Amino acid sequence: MAAATGVLYTYPENFRAYKALIAAQYSGADVKVAPNFVFGETNKSEDFLKKFPAGKVPAFESADGKVLLTESNAIAYYVANEALRGADLATRARIWQWASWADSELLPASCAWVFPYLGIMQFNKQNVERAKSDLLAALKILDGHLLTRTFLVTERVTLADIVVYATLLHAFQNVLDPGVRAALVNVQRWFVTMAHQPQVARVAGEVALCAAPPTYDPKKYQELTNKKQEGGKKEKKEKKEQPKKKEQAAEPVEAAEDEPPKEKEAKDPFDLMPKGTFNMDDFKRCYSNEDEAKSIPYFWEKFDPENYSIWYAEYKYPQELAKVFMSCNLITGMFQRLDKMRKQAFASVCLFGGDNDSTISGVWVWRGHELAFPLSPDWQIDYESYEWRKLDPASEETKKLVQDYFSWSGTDKAGRKFNQGKVFK
């Protein structure tokens with residue numbers, strides 16, 4: 001099979017794009033980075049959105065225009081060769097297992113730990129410490145795996161190594177200081193080995209490892225916030241000058257970014273919504289102390305449909321779920337990163353099936369009628385991995401879903417039996 005050729009749309013030093021660019025170095029694929037790409041402009045243009053409606057990067061277009069891809073792992077797989085993808089089904093499955101693990105276990109924790117120090121997210125000590133704990137726990141597992149291995153799956157570099165390396169790049173550069181790395185000897189040895197591979201170095205360059213524990217600088221976040229606001233004001237001005245353009249549909253979102261951040265919003269976005277009559281804490285106490293025969297009728301007796309909403313969530317990538325314990329860790333990690341939502345939200349999320357044949361889905365309740373996660377940058381790490389559907393509180397379907405998920409019973413759509421559940425309260 002001939003090596004892939006095409007154009008990769010991305011901004012400079014995008015670690016997600018590194019996956020495809022490194023894979024191309026190994027496979028000999030002719031992948032060019034689109035020149036003059038400006039994030040926030042190029043990927044919002046009419047021409048770009050015709051090809052990639054979500055406006056996400058990295059994005060890949062084959063030379064003949066027949067293959068259009070987003071999602072960094074998919075692009076890397078497309079431009080890779082058989083040696084990187086795995087020569088047999090079992091090897092490919094193990095490679096994909098590590099790639100999925102990187103996305104579910106490493107990426108959320110790494111971003112939540114690193115981004116506040118870079119000024120990309122607001123700094124919250126509790127959240128940062130939790131993310132640090134989550135990442136180090138995952139790296140301990142990785143360290144054990146690498147005790148007797150040079151690379152993750154085979155005796156040579158595969159997509160598993162490339163994906164995990166790119167995912168950990170920011171952490172090694174910014175937060176994994178020498179003291180932390182000392183307890184992760186095998187991971188550090190593997191990472192340095194990867195960094196010195198010629199194909200990797202040609203893309204990522206020389207990687208300087210974090211030299212000291214990170215320190216928080218509030219000026220970084222404020223500078224990025226101000227820059228974003230200035231960009232939003234400029235875009236809003238341009239849209240006002242061209243009111244007939246279709247891009248006007250996006251104006252409400254951009255307009256919101258023009259406003260100075262409100263302290264109340266930063267503390268709890270739910271505080272801006274009507275309180276209604278539903279007492280979330282009261283229901284949680286009932287649910288914790290009574291069996292479902294009492295707590296579920298109590299929920300319906302007290303629920304306020306005017307000011308609260310019920311949502312069904314289903315994990316998008318069940319084919320990537322492997323061991324049950326890893327899937328449960330995925331749910332727990334999401335709950336931990338959403339800690340600030342607990343006051344006005346409740347969820348029962350269930351895993352159906354068993355090892356290598358499972359699904360994750362759940363029923364969520366929160367104040368307001370819009371999808372809650374975009375309300376705060378602290379809540380946006382995991383939710384895009386799920387399909388979200390708002391439910392009608394008056395429908396029989398909703399009543400059955402609430403009954404099944406709150407009582408941990410029933411099956412999933414394919415008939416898989418309930419395995420275990422976790423409650424967000």
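Two strands are taken as paired if DSSP finds at least two bridges between them. In this predicted model, five strands meet that criterion and form an open sheet in the order β8-β5-β7-β6-β9. The pairing is antiparallel. The edge strands are β8 and β9 (418–424), each of which pairs on one side only. From one strand to the next, the twist averages 20°.

Strand β5 (residues 308–315) was examined in detail. Seven of its eight residues are buried, so the strand is largely enclosed by the rest of the structure. On one side, β5 pairs with β7 (residues 357–367) in the antiparallel sense, over seven bridges. Within this pairing, Ile-310 has Val-365 as its bridge partner, and Glu-314 has Ser-361. β5 also pairs with β8 (residues 386–391), again in the antiparallel sense, over six bridges. Here Ala-313 has Trp-388 of β8 as its bridge partner.

Helix α14 (residues 280–289) lies across β5, β6 (345–354), β7 and β9. Its direction makes an angle of about 40° with β6. Helix α16 (residues 324–337) lies across β5, β6, β7, β8 and β9. The angle between α16 and β9 is about 15°.

The nonpolar cores were considered next. The largest nonpolar core holds 67 residues. Val-79, Leu-106, Leu-139, Leu-142, Tyr-165, Leu-168 and Trp-190 touch the most other members. Seven helices each supply at least two residues of this core: α1, α3 (72–79), α5, α6 (125–145), α7 (159–174), α9 (185–195) and α10 (198–204). Helix α5 gives the most, with 14 residues. The surroundings of Tyr-165 illustrate the packing. Leaving aside neighbours within four places in sequence, Tyr-165 is in contact with Ile-22, Trp-190, Phe-191, Met-194, Ala-195, Val-200, Ala-204 and Val-207. Another core, of 27 residues, lies apart from the largest one. Among its members are Leu-338, Met-341, Tyr-383 and Tyr-386.

The structure holds 17 salt bridges. One of them joins the side chains of Asp-103 and Lys-19, at 4.0 Å from N to O. Asp-103 lies in helix α5 (residues 89–118) and Lys-19 in helix α1 (residues 15–27), so the pair ties together parts that are 84 residues apart in sequence. Asp-103 has a relative accessibility of 29% and counts as partly exposed. Lys-19 has a relative accessibility of 2%; because buried means under 20%, Lys-19 counts as buried.

A further salt bridge is local. Asp-47 and Lys-51 form a salt bridge, with the closest N and O atoms 3.8 Å apart. Both residues lie in helix α2 (residues 46–51), four residues apart, which is about one turn of the helix. Lys-51 is partly exposed, at 26% relative accessibility. Asp-47 and Lys-51 also belong to a network of salt bridges that includes Glu-61.

The side chains of Asp-339 and Arg-342 meet in another salt bridge, at 2.8 Å from N to O. Arg-342 has a relative accessible area of 22% and is partly exposed.

Note on methods:
Residues are numbered from 1 along each chain as its sequence is written. This is a predicted model: local features need pLDDT of at least 70, side-chain atom pairs count only at pLDDT 80 or more; totals for chains, interfaces and linings use all residues. Side-chain values use heavy atoms; hydrogens and water are left out. Buried means under 20% relative accessible area, exposed over 50%, partly exposed in between (1.4 Å probe, protein chains only). Axes are lines fitted to C-alpha atoms, for helices over the stretch in contact, and angles run from 0 to 180 degrees between N-to-C directions. Contact means heavy atoms within 4.5 Å. A nonpolar core is a set of buried Ala, Val, Leu, Ile, Met, Phe, Trp, Tyr and Cys residues joined through side-chain atoms within 4.5 Å.
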